[in-house]
Amino acid sequence: MTPVLTVVALAVSAMSLAVSLLSYRASGPKITVRSYIAKYPNGDYHLRLALSNRGRAATTVDIGQLETSLQWDDKPWHDSEQTLSPEFPVSLPYRLDGHTTVEWSCPATQLMSRAINRSPNPWFLHVTIGHRRRKVRVSRTIQMITWMVTDPLQ
C-alpha cells in the first residue's frame, strides 16, 4: 500500500509542477508587433503600427526612430538613408495591458512621395518593449484601405 501511495504522490507532485510552470510562462507579456504602410482612397499614406499583447502582464511600449533607405541606382553607396521620428497620436511611453490590441497611425504621404518612383530598401521602426529594443521591419506591401476614416486609429 505504501509504494502505491508514494507513486500516486509523485505523479500528483509532477502534475502540480507542470501546471505551475505553464502558469508562470503564461503570466508574462507576449507581444506581437507589425508595421506597414496604408494607402487611403484620397491618396494619403499612413505608417501603421499594430501591437498585440497576448500575455497576462502589462508592459511599457516606446517608439523610437524610423530608418528609411531609398535605392538610388544599382550602387549601394548611392542609397539615400534618412532617420525620421514618426509622430503617433498617443503619449509615449504607452502602457499596454494584457490581452490588449492597439493600432496607431501617423501620416507618411511626404515620405512615400519620395519613395514612390524608387525601389525602397528595408525600412525599420525602432520599438522598445519593456527593456528590450526591437527593430520592426516595415512591410513592403502597401495595404489599400477601401473606406475613409475621419480620425486616425488609436
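Predicted model: local features only at pLDDT ≥ 70, side-chain atom pairs only at ≥ 80, totals over all residues.
The protein chain contains 2 helices and 8 strands. Read from the N terminus, the elements follow the order α-β-β-β-β-β-β-α-β-β. Of the 154 residues in the chain, 29% are buried. The accessible surface amounts to about 10,200 Å², and carbon and sulfur atoms account for 57% of that area. Contacts reach across the sequence: among those between residues at least 6 apart, 66% join residues at least 24 apart.

Strand β1 (residues 31–39) runs antiparallel to β2 and is joined to it by 9 bridges. Within this pairing, Tyr36 stands opposite Arg48. The two strands form a hairpin with 5 residues between them, and there Gly43 has a positive phi near 100°. Strand β6 also pairs with β2 in the antiparallel sense, over 8 bridges. One of the partners here is Pro107 of β6, which is bridged to His46.

Pro107 itself is exposed, with a relative accessibility of 65%. Apart from neighbours within four places in sequence, Pro107 is in contact with Tyr45 and His46. Its C-alpha lies 8.2 Å from that of Pro86, a residue 21 places away in sequence.

The largest nonpolar core has 24 residues, and Leu47, Leu49, Leu51 and Phe88 are the members that touch the most others. At least two residues of this core come from each of β1, β2, β3 (59–70), β6, α2 (109–115), β7 (123–129) and β8 (132–144). What does Leu47 touch, leaving aside its neighbours within four places in sequence? Its contacts include Ser35, Tyr36 and Ile37, and also Leu66, Pro86 and Phe88. Further along the chain, Leu47 is in contact with Trp104, Ser105, Cys106, Ala108 and Val138.

Thr59, in strand β3, is buried with a relative accessible area of 7%. Beyond its neighbours within four places in sequence, Thr59 is in contact with Pro29, Ile31 and Asn53, with Tyr94, Arg95 and Leu96, and with Ile129 and Gly130.

Side chains of opposite charge can pair when their charged atoms come close. The structure holds 2 salt bridges. In one, Arg48 pairs with Glu103, and the closest N and O atoms are 3.6 Å apart. This pair links distant parts of the chain, since Arg48 is in β2 and Glu103 is in β6, 55 residues apart. Arg48 is buried, because its relative accessible area of 6% falls under the 20% cut-off. Glu103 counts as partly exposed, at 23%.

The other salt bridge is between the side chains of Glu67 and Lys135, with an N to O distance of 4.0 Å. Glu67 belongs to β3 and Lys135 to β8, so the pair ties together parts that are 68 residues apart in sequence. Glu67 is partly exposed, at 29% relative accessibility.

Two loop residues have backbone geometry to note. A cis peptide bond, with omega about 0°, joins Leu92 and Pro93. Pro93 is in the loop between β4 (80–84) and β5 (94–96). His99 is in the loop between β5 and β6 (100–107). His99 is not a glycine, yet it has a positive phi, near 55°. Is this residue buried or exposed? With a relative accessible area of 61%, His99 is exposed.

The last stop is the surface of helix α1. This helix spans residues 2–27 and includes Val8. Val8 is partly exposed, with a relative accessible area of 46%. Together with Val4 and Val12, Val8 forms a nonpolar patch on the surface, and the three have about 260 Å² of accessible area together.

Conventions:
Residues numbered from 1 in each chain as written. Heavy atoms only, no water. Helix = DSSP H or I, 4+ residues; strand = E, 2+ residues; numbered from the N terminus. Buried < 20%, exposed > 50% of the residue type's maximum accessible area, 1.4 Å probe, protein only. Pairing = 2+ DSSP bridges. Contact = heavy atoms within 4.5 Å. Areas by Shrake-Rupley, 256 points an atom, 1.4 Å probe, with all protein chains shown as cover. Patch = residues over 30% accessible without salt bridge, like charges linked within 9 Å, V, L, I, M, F, W, Y side chains within 5 Å. Core = buried A, V, L, I, M, F, W, Y, C linked by side-chain atoms within 4.5 Å.
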